[in-house]
Amino acid sequence: MARFAFVTWDGGGNASPAIGIAQELRLRGHDAIFAGYETQRKRFEAQEFDFITLRRSGSFDIYHPRRVAERIPFIANVWACPAHLEDIPDAVEETCADALIIDFMMQGALAAARRLSMPVAVLAHSSIAGLTPPPESSLGGRLLAVTNRLREEAGLSALTRLNDGWAGQPALVTTIPELDPAATDAGALVRYVGPIFERFPDMDWNSPWEAGDDCPLVLVSFTTTGLWDQRGRIRNTLDAICDEPVRVLVTAADPGDIGAIPANAVIRQFVPHAAVLPAAAVTVTHAGHGTESASLAYGVPIVALPNASADQPFLAATLQRLGAGLALDGESEPEAVRSAVRAIMTQPSYATVAKTLAAAIHAAPGINGATAELERLALAARS
């Protein structure tokens with residue numbers, strides 16, 4: 001059996017696929033441990049995984065109030081972090097790992113891994129096209145420049161595009177090609193395994209509705225991270241559908257002061273998506289990849305209110321282009337949200353496309369395919 005170390009950062013949506021894979025590895029008799037930022041400790045230890053903090057970089061708190069508006073600290077402390085050149089070899093020694101799985105957004109960690117004589121895989125938790133901006137864009141050019149400065153420090157050649165940061169290494173992408181234009185020119189070692197979700201020991205939840213209530217269910221699910229204030233989106237959505245003939249479940253880890261909850265709605269800190277999505281008619285969400293892919297896996301169409309960063313605007317636009325949902329401005333007023341929810345629920349084409357994508361998700365290699373790839377990687381290193 002092998003010992004796998006996952007090198008990660010506190011990005012919210014990247015945790016669930018990593019935990020899901022680690023859980024399956026554990027079921028197969030392997031060991032799995034996580035190395036990352038101290039803000040992640042409770043997340044991984046809650047699923048009974050060992051966790052270590054990266055010695056030099058792991059104290060960075062991405063949820064500090066200033067971090068939301070500043071890209072520079074994120075770039076210097078996560079994306080292209082010089083300290084990772086030393087942190088990663090130390091983490092290998094501390095975890096006694098046989099193989100590393102590194103988050104694809106951690107270019108410093110990827111650069112450090114090039115200097116190690118051990119098997120390394122890359123884990124991409126969302127659309128590559130949505131999270132690696134092209135070099136000709138303002139952000140893409142900036143990210144490429146800082147990445148190449150770090151690679152020069154590591155004695156590595158410069159990249160012409162950010163995707164080349166994991167060239168030559170096996171990469172697992174936990175989405176389907178239909179949701180990622182980058183799949184068209186992905187290298188031979190890139191595997192689109194489809195969405196992967198963590199398991200929860202208790203999938204039940206205390207529903208306030210009668211078992212026979214057939215009123216359509218709307219899931220309102222926004223980001224659980226502290227990077228964005230979602231109160232406005234939640235409030236606008238509640239105001240939009242408070243008088244509609246629907247049941248509304250809002251999941252929000254810390255909703256704060258969002259005002260009165262209408263009679264047709266309930267709010268819960270957390271409900272596993274798998275416990276509620278089979279009964280949902282539509283999801284209203286920020287369009288993070290975790291919520292988006294979970295909804296599509298159950299054939300549930302989406303109304304997207306993305307935050308103006310990360311992969312959310314890209315994924316929202318992709319959903320609308322494919323016909324599986326509608327993409328609104330994240331600050332849309334209740335009238336616009338109401339119209340979008342009504343359109344999704346009265347026009348069958350949205351559910352039809354969502355079910356087609358669900359079929360593609362279920363046909364993907366999935367968690368078994370992902371763990372089998374990692375087992376082959378570890379086994380090849382031993383032979």
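Predicted model: local features only at pLDDT ≥ 70, side-chain atom pairs only at ≥ 80, totals over all residues.
Visitor: Why is R233 called buried?
Guide: Buried means under 20% relative accessible area, with exposed being over 50% and partly exposed in between, using a 1.4 Å probe and protein chains only; R233 has 7% relative accessibility, so R233 counts as buried.

Visitor: What makes the pair R233 and E331 a polar contact?
Guide: A polar contact is a pair of N or O atoms within 3.5 Å, where, within protein, one must be able to donate a hydrogen and the other to accept it, and residues adjacent in sequence count only if both atoms are side-chain atoms. The side chains of R233 and E331 are joined by such a contact of 3.4 Å.

Visitor: Which residues is R233 in contact with, leaving aside its neighbours within four places in sequence?
Guide: Contact means heavy atoms within 4.5 Å, and on that basis R233 touches F222, L305, P306, N307, G330 and E331.

Visitor: How do you know that the radius of gyration agrees with a compact globule?
Guide: The radius is taken over C-alpha atoms, and the globule rule is 2.2 Å times the number of residues to the power 0.38. For 383 residues a compact globule would have a radius near 21 Å, and the chain has 21 Å, so the two agree.

Visitor: How much of the chain counts as buried?
Guide: Of its 383 residues, 56% count as buried.

How values were computed
Residues numbered from 1 in each chain as written. Heavy atoms only, no water.
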